[in-house]
Amino acid sequence: MKRQLLYPALLVFVVSFLISSCFSEKKQFAVDDLQVEWQILENTIQPEQFHKASFTLTNKSQQNLKADWEIYFNSVFLSVNPEISDDKVVMEHLSGDFFRIKPSEDFPILSPGEHFSFEYSSGNFLTKNSHIPEALYIVFGNNPDQGFPLNNYHKKGLNIPSLAKIAKGTSLPIPTGNHLFEENKNLSTLNSREFSPIIPTPKKYEWGDGDWEKSAQISFYVAEDFEAQETHLKKLLGGIFEGSISSVSKEEADIRIVKSSLDLGKEGYELKINDQVIIEASEAPGVFYGIQSLMALFPVDIFSEKVSELSLPRITVKDEPRFEYRGLFLDVARNFQSKSAVLKLLDLMAFYKLNVFHFNLANDEGWRIEIPGLPELTDIGSKRGHSREEKDFLWPYYGSGPDKNDSPSGTGYYSTADFKEILQYAQERHIEVIPEIGVPAHSRAAIIAMRARYHQKMEEGDEEGAKEYLLEDFDDQSEYLSAQNFRGNTICICQESAFGFYEKVVDEIAAMYDQAGITLQTFHTGGDEVPHGAWTASPICEKFIQQSEQINTVDDLRNYFYQKISKMFAERNIQVAGWEEIGQIEVSEKGEKVARPNPEFANAGFRVHAWNAVAGWGGEDMAYQLANEGYEVIVSNSSNVYFDLAYDLHPDEPGHLWSGHVNLQTSWQMVPLNHFISNDTDMYGRPIDIDGLLRNKVRLSNEGKKNIKGISGQLWTETVKGQDMMEYYLLPKMLGLVERAWAGDPDWSTISDHESRRVAREEDWNKFANAVGQRELPRLDFLFGGFNTRLPKPGTFVKDGLMHANVETPGLIIRYTRDGTRVTSSSPQYSAPVPIEGKVMLRVFTPSGKGGGMSACDKWDGS
């Protein structure tokens with residue numbers, strides 16, 4: 001009887017065990033049970049740049065991890081061929097900043113609790129924690145089309161002491177507390193009447209006595225010629241004033257906007273605040289900028305909440321801009337920005353009197369505008385996520401994640417309705433929108449989209465339709481790597497379909513302008529960074545060159561390309577713009593290839609954006625070479641107004657460093673008409689020998705000065721994810737651009753003696769820094785709903801047991817704690833040197849209580 005009971009029980013146990021074992025084998029490994037650690041092992045800058053790091057994979061689960069996985073990650077700052085310490089694992093570059101780690105055949109099964117480590121080395125010095133491999137996700141062999149984010153990823157990165165140690169003996173400006181204190185030592189807090197009441201600084205202004213005050217109600221009058229500005233004025237006043245706002249006759253009005261009897265130019269204005277407020281202008285843009293100056297004169301606190309009484313200082317302002325082109329470039333291709341973020345940015349630009357929005361809508365990493373008739377561009381080119389082949393959408397560049405449907409920075413585009421709304425919103429604020437669709441390079445998203453279109457049309461039996469907009473030669477064996485480490489990113493310009501595609505895109509975008517009631521005046525064609533090696537092994541190009549009477553080599557193709565599209569734009573009465581490369585040609589000088597202005601297009605009306613003016617790279621005078629030869633030039637110096645460059649070398653400060661770092665002072669210090677004195681040091685912190693730099697450099701001629709049409713700040717977005725980061729990168733450093741675009745070259749720039757110029761510049765910088773610290777940054781906490789501004793870390797210096805502190809923009813508040821705890825808006829305010837007791841933490845605040853990053857000062861090293 002007992003045996004009969006035992007056998008069924010044993011059978012149940014065996015069956016249960018087998019089912020459990022079978023289920024266990026099929027059960028998906030829990031992703032969060034895989035712990036991945038990254039650690040820096042070596043990091044050197046001299047004699048050669050180099051870093052070594054390690055990955056450690058630890059199985060925290062209760063089941064085995066088989067070697068049927070692949071891990072993907074992003075890093076812009078890693079060699080495309082990193083050296084790996086262990087042949088059990090492979091680390092390979094796929095495209096752009098996208099890498100893959102995969103096990104080799106000898107990789108072991110990781111049992112519960114086991115780990116595996118491997119090291120890699122890369123030929124670059126690592127300075128930023130944001131440059132460390134990011135956005136890791138894993139793909140399993142039984143589900144190769146789905147990626148799972150590795151949330152259990154930990155990084156042991158960089159800090160200020162470690163960077164300072166590595167940089168010892170070099171001139172690298174590591175932002176220790178002592179370094180920042182030294183940078184700020186000549187700054188002092190000024191009275192509000194000692195610096196400009198408005199940014200950008202007006203051409204002329206004169207303070208009056210007392211204030212203009214109004215309560216309960218405000219009346220205004222707007223001349224008939226400027227009725228379009230009435231709505232804008234009423235909206236702005238309504239946002240700050242609780243009382244009634246009404247339109248009355250000219251004689252009764254508190255605020256009068258009238259047409260000037262003088263010719264003040266298109267954008268000039270006069271603002272007089274006495275018993276009444278009077279804005280005079282010749283044209284509508286001048287009225288608009290007069291209104292912006294009026295709003296800037298109101299006390300900062302009225303932007304936080306409506307007030308019942310308005311007060312303005314009595315003042316007279318006579319103003320006009322130095323440059324006709326005052327631009328801001330935004331790249332939304334590499335990382336997307338929402339329509340609402342763009343509209344808010346346009347409000348900011350208008351407030352600070354910028355008048356050109358250069359809108360980069362396509363690049364290797366994304367296509368961001370709907371083109372009727374070419375749905376593949378957005379169906380495929382606007383989406384990023386995981387796939388085995390980059391076929392139905394793009395790979396997840398810049399850490400945009402494996403899920404294309406949950407990728408705010410990677411996936412997105414503007415519909416035709418969105419784009420027209422942006423155009424109209426900009427026009428109402430006197431901002432011209434210049435679209436950029438860069439060709440022939442930087443075109444990978446379009447190439448992949450048109451490849452998909454080709455295959456779909458071929459499947460449908462429509463060979464003619466398949467080839468109509470094809471952008472590549474399928475037999476091209478050219479080997480090249482772009483500046484951003486892309487292969488296959490340059491369209492094949494040896495076939496007519498490439499021009500048919502570009503013409504289709506331009507015409508559809510122009511149609512959107514027409515439908516918005518706006519004329520498309522200028523189209524930016526990119527034209528930069530065509531990789532060396534493109535087209536060199538293309539059978540189509542080889543045949544095309546053989547059959548052409550004008551083209552002899554691959555080097556002649558770029559001229560051919562711009563001849564063709566120049567004609568296309570001329571037929572549409574649209575100006576051609578591009579980066580400086582569209583106005584350049586390579587020539588041999590003393591046995592070396594150098595870039596020089598291309599005489600082919602010098603008088604073709606091309607507008608070029610001169611960007612590559614990095615100290616020491618040789619192109620410091622390229623803007624002036626181009627202007628002297630007849631090109632319209634927009635000064636866009638990377639070393640001063642590329643806002644994607646990090647504020648400084650702090651490891652927690654995000655951004656690029658390839659052209660140095662850019663902060664508020666760097667952008668303010670730019671001298672558009674004499675770039676040679678725009679920077680004191682090169683990208684490595686080494687002092688620039690201005691006299692040496694000037695040798696063999698081209699100076700700007702009087703005729704060339706007429707061709708410098710303006711300046712532009714650039715925000716490329718490889719490292720910018722989301723609206724908050726966009727605002728952080730732009731503010732406050734954008735305010736230096738604003739000043740130079742409107743006010744032009746400062747008086748100190750005309751002083752020939754270097755030391756005398758430096759002294760005069762320091763005095764002028766103190767005024768501007770006070771304006772930003774006392775007024776602009778506090779206002780930006782609330783303006784247009786508030787911006788995510790970057791506040792500087794305080795400088796610190798310890799002497800005789802006392803800590804001294806200062807800040808880059810006087811007017812901001814320094815607070816501290818003495819016990820290592822977090823500094824809050826209620827912590828003690830620094831006003832005089834304090835004794836060092838334990839670990840002192842510091843933080844900068846605006847008057848509203850918004851705080852910047854934390855920093856430490858201790859009694860040992862003051863950093």
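Predicted model: local features only at pLDDT ≥ 70, side-chain atom pairs only at ≥ 80, totals over all residues.
Trainee: What radius of gyration does the protein have?

Mentor: The radius is taken over C-alpha atoms, and the globule rule is 2.2 Å times the number of residues to the power 0.38. With 863 residues, a compact globule would come out near 29 Å, and the protein agrees with that. Along the principal axes, its C-alpha atoms fill a box of roughly 115 × 80 × 65 Å. The radius of gyration itself is 30 Å.

Trainee: What percentage of the residues count as buried?

Mentor: Buried means under 20% relative accessible area, exposed means over 50%, and partly exposed is in between, using a 1.4 Å probe and protein chains only. Among contacts with a separation of 6 or more, 73% join residues 24 or more positions apart, where contact means heavy atoms within 4.5 Å. The protein exposes about 36500 Å², with carbon and sulfur atoms supplying 46% of it (Shrake-Rupley method, 1.4 Å probe; for residues, only the protein chains shown count as cover). Of the 863 residues, the share that counts as buried is 57%.

Trainee: Which helix supplies the largest share of the lining of the second largest pocket?

Mentor: On a 1 Å grid over the protein atoms alone, a pocket is an open set of points where a 1.4 Å probe fits, with protein on both sides within 12 Å along at least five of seven lines, and lining residues have an atom within 4 Å of a point. This pocket holds about 1200 Å³ of space, and of its 43 lining residues the closest to the centre are Glu-183, Gln-665, Gln-669, Asp-680 and Thr-681. Helices α3 (177-184), α16 (664-668) and α21 (754-780) each supply at least two lining residues. The largest share, six residues, comes from α21.

Trainee: How many charged residues are in that lining, by class?

Mentor: Asp, Glu, Lys and Arg count as charged; Ala, Val, Leu, Ile, Met, Phe, Trp, Tyr, Cys and Pro as nonpolar; the others, Gly among them, as polar. The lining has twelve nonpolar and 17 polar residues, and its charged residues number 14.

Trainee: Is Leu-626 buried or exposed?

Mentor: Leu-626 is found in helix α14 (residues 622-628). Leaving aside neighbours within four places in sequence, Leu-626 is in contact with Glu-580, Gly-583, Pro-597, Val-608, Tyr-631 and Val-633. Its relative accessible area is 0%, so Leu-626 is buried.

Trainee: And Glu-280, what is its relative accessible area?

Mentor: Glu-280 is found in strand β16 (residues 277-281). Glu-280 is buried because its relative accessible area is 17%.

Trainee: Where does Pro-47 lie?

Mentor: Most peptide bonds are trans. The bond from Gln-46 to Pro-47 is cis, with omega near 10°. Pro-47 lies in the loop between β1 (34-44) and β2 (50-59).

Trainee: What is omega for the cis peptide bond joining Ile-199 and Pro-200?

Mentor: Pro-200 lies in the loop between α3 and β11 (204-215). The bond from Ile-199 to Pro-200 is cis, and omega is about 5°.

Trainee: What is the positive phi of Trp-535?

Mentor: Trp-535 sits in the loop between β22 (522-526) and α12 (539-547). At 5% relative accessibility, Trp-535 counts as buried. Although Trp-535 is not a glycine, its phi is positive, at about 75°.

Trainee: Which loop does Phe-784 lie in?

Mentor: Phe-784 is not a glycine but has a positive phi near 55°. Phe-784 is partly exposed because its relative accessible area is 29%. Its place is the loop between α21 and β29 (795-799).

Conventions
Residues numbered from 1 in each chain as written. Heavy atoms only, no water. Points joined across faces, edges and corners; volume = space filled by probe spheres on them. Helix = DSSP H or I, 4+ residues; strand = E, 2+ residues; numbered from the N terminus.
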